[in-house]
Amino acid sequence: MLSESERMTTAHEAGFRIKDPNSKPRAVAVIAIDKASAAIVDQISKEKWHGAHFFTSLSFSTDKSPAEGESQAMKAWLNDLAGRALNLVAEVEKSDFVVVITAAGEDARAVSVISDACAMFHKSLLGLVIPQDNTSEADIDHSLGHLRPHTRMLVVAHGIDYIEVMLTALRA
Amino acid sequence: MLKKEQNDYITQTGPGTPMGNLFRCYWMPALLSEELPEPDCPPVRVKLLSERLIAFRDTEGRLGLIDEFCAHRGPSLWFGRNEECGLRCPYHGWKFDVTGQCVDVPSEPAESGYAKKIKLKSYPLIEKGGVLWTYMGDPEKQPPEPEFEFCTVPLNQTFSSKRLQECNWLQAMEGGIDSSHVSFLHRGDLNNDPLFKGAAGNKYNLGDMAPVFEVVESSGGLLIGARRNAEDDQYYWRITPWVMPCYTGVPPRGDHPLHGHFWVPIDDENCWAWSYDYHPTRALTDSEVAAMRDGKGVHVKYVPGTYIPLANKTNDYLMDRAAQKAGRTFSGVEGIGMQDASLQESMGPVCDRTRENLVGTDNGIIMARHRLMRAAKALADKGTQPPGVDVEHQKVRQAALLLKRDVQYKDGAKEALIAKKGVRQTSV
């Protein structure tokens, strides 16, 4: 007599697996944190995505008139492809996870602000470092150093195609 | 998640398929040396990349890997008589040498030259590190012999085994580059298995269930670093090398031997899970070898006389719910190898990746698939030699080490990740 595991691991039995969707669409914020990566994000955004939202820059402002006794509050804004400035914290809260993209060697310090927002809502932050044509190993190290303390997964992705592959694999 | 056509592309390795052509660029483990122990020993059936073959060691000790079936009427040469420098079909006496050349057709006059017109397909078979390796690609593009460290150290420093795994090669291999499962599936074994226990690094594995990953491309594949928090402003890093298309190294523990795997397609629904253990600088001890032969570490116990795991799907992997409940094993299956295999086989003969839901920490898997498909396409479109063929790509080592938090692992572990003769592994 066949064991249960033997019977259930055939190609025939695989045909009886439930076909209904086993997940809901994800909301993913994809954020370029420097000028060079903004062009990359802009290019990727032209593909068809299910729940990915793309942002090409991060900027900051301060409240002009803090109440007496309060410190000046810093606000972070994301710029989307339509040129709208959207509140970073609100966008992170709406997302299931966040992907930051930086071109190797660029200033990636802004990731700490995004990381703080992710921590506030317990969202995973993934980091992609994209080497450019003239990128040195030191540039890559520099970017990794900025991103490492903040990301749950850090990838050096040679080529823009990998970003698309990864977002597709993650059902973004 | 992969689309169905992508899943088919990457999982199918038969003749003429893009991934099959990719595999045919490499030397691959075909048999253990012990399977052909002496001249004129019994021939052994081999199925690789969906091709049926027969292996034998002739009277002079030469190794042959040829089409399994006699060119006359098609019976299996497994029934053949291995004698006088050839394998003779017992049906009508046709005889073939290690190159597949027919050397005798008894029904035809020897002077007629008829035998010279008959030749079976054959592949080179070489012996290295206790393993018989074959290359199934274009003879004109045959690469240099493999230089993975486990097959280049003296024989008393290395031990290899293989087991049948009844699923597609890719879902098996993906387990080898997914080190996040260790803290769950194998947690019961880290402090008990004789080939794992006692390592200082184990406490970090068990103490931090949410490792943080860093994936970088290497010349031959990937380096997948998993970091866990350690004391004194340090990270505990475990770095897994993957060399294309199917070699993985498991980061070491203490002074235990290094181990890892090859995942070799038999056909699209079965593969050989090869497991190796070696130490770069010393002979394996008797107790280590005994443990390996007893199925400890990454090895398995066998159904006697076979390379089929003793715990297998026909006996529900000897599932022990009491051990699972008591926490002696996390899944109820004993042994690291079969803990992996049982779950991977349960996915079905070929995992349906259209339904999976990967997360960010699966980026090692995502990138490995991407590199495999990219290399197969470059080979098909431009004839580009894929990564991992160059022997320099094979001289990598797995490593486990503590680094200050501000040190980049690819810098801090740079020397540790290179296989160097006579230099001990870097391990915690």
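**Figure 1. A loop of chain B holds Pro245(B), between β15 (234–243) and β16 (247–250).** Strands here are DSSP runs of E with at least two residues, and helices are runs of H or I with at least four, both numbered from the N terminus. Met244(B) and Pro245(B) are joined by a cis peptide bond, with omega at about 0 degrees. Before you go on, note that this is a predicted model: local features need pLDDT of at least 70, side-chain atom pairs count only at pLDDT 80 or more, and totals for chains, interfaces and linings use all residues. Residues are numbered from 1 along each chain as its sequence is written, chains are lettered from A and ligands numbered from 1 in the order in which they are written, and side-chain values use heavy atoms, leaving out hydrogens and water.

Figure 2. Which of the two is buried and which is exposed? Leu49(B) is buried, at 0% relative accessible area, whereas His122(A) is exposed, at 73%. Buried means under 20% relative accessible area, exposed over 50%, and partly exposed in between (1.4 Å probe, protein chains only).

**Figure 3. Take a look around Ile66(B), in strand β4 (residues 63–67) of chain B.** Its relative accessible area is 0%, so Ile66(B) is buried. Leaving out residues up to four places away in sequence, Ile66(B) touches several residues, among them Leu53(B), Phe56(B), Phe96(B), Val98(B) and Leu120(B); a contact means heavy atoms within 4.5 Å.

**Figure 4. Meet the largest nonpolar core, a set of 101 residues.** Such a core consists of buried Ala, Val, Leu, Ile, Met, Phe, Trp, Tyr and Cys residues joined through side-chain atoms within 4.5 Å. Val99(A), Leu167(A), Phe150(B) and Leu372(B) touch the most other members. Helix α10 (residues 363–382) of chain B gives the largest share, 9 residues. Beyond its neighbours within four places in sequence, Phe150(B) contacts residues including Trp133(B), Tyr247(B), Phe262(B) and Tyr278(B). A second, separate core has 37 residues, including Ala29(A) and Val156(A). In soluble globular proteins, nonpolar side chains tend to be buried together.
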